[in-house]
Amino acid sequence: MGTHVLSLRIDGELLDRLRDRAAKRGMSVQDYVVRTLIRDDFDERFQAAVEETERFYGVT
């Protein structure tokens with residue numbers, strides 16, 4: 001798995017909030033954003049797995 005570049009254009013207020021949140025965690029803005037995206041992706045995949053399991057076992 002290689003790495004790729006993603007360029008974003010965001011407004012100044014959002015960037016300031018991201019900087020604050022990243023700094024509180026001792027992270028760079030880039031690391032904070034990537035970690036947030038990974039967590040969101042995991043949450044979606046986990047929810048899909050739960051729903052599939054419920055369908056399999058007939059849970060409503």
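**View 1. Charged side chains of the protein chain.** In this predicted model, the protein chain carries 10 positive and 12 negative side chains, with the centres of the two sets 6 Å apart. Lys and Arg count as positive, Asp and Glu as negative, and His and the chain ends are not counted; a charge is placed at NZ of Lys, CZ of Arg, CG of Asp or CD of Glu.

**View 2. The positive patch.** Arg17, Arg21, Lys24, Arg25, Arg35 and Arg39 form a patch of positive charge on the surface. Patch residues have over 30% relative accessible area and no salt bridge, and like charges are joined within 9 Å; a salt bridge is a side-chain nitrogen of Lys or Arg within 4 Å of a carboxyl oxygen of Asp or Glu. At least two patch residues come from each of helix H1 (12-24) and helix H2 (29-57), and H1 gives the most, with 3 residues.

**View 3. Arg21 in helix H1.** Arg21 is found in helix H1. Arg21 has a relative accessible area of 41%, where partly exposed lies between buried (under 20%) and exposed (over 50%), using a 1.4 Å probe and protein chains only.

**View 4. The helices and the whole chain.** The protein chain has 2 helices and 0 strands (DSSP runs of H or I, at least four residues, and of E, at least two, numbered from the N terminus). Its C-alpha trace spans about 50 × 25 × 20 Å along the principal axes. Buried residues make up 7% of the 60 residues.

Residues are numbered from 1 along each chain as its sequence is written. Local features need pLDDT of at least 70 and side-chain atom pairs pLDDT 80 or more, while totals for chains, interfaces and linings use all residues; side-chain values use heavy atoms, without hydrogens and water.

Notes. Patches are made of residues with over 30% relative accessible area and no salt bridge: like charges are joined within 9 Å, nonpolar side chains (Val, Leu, Ile, Met, Phe, Trp, Tyr) within 5 Å. Accessible areas come from the Shrake-Rupley method with a 1.4 Å probe; for residues, only the protein chains shown count as cover.
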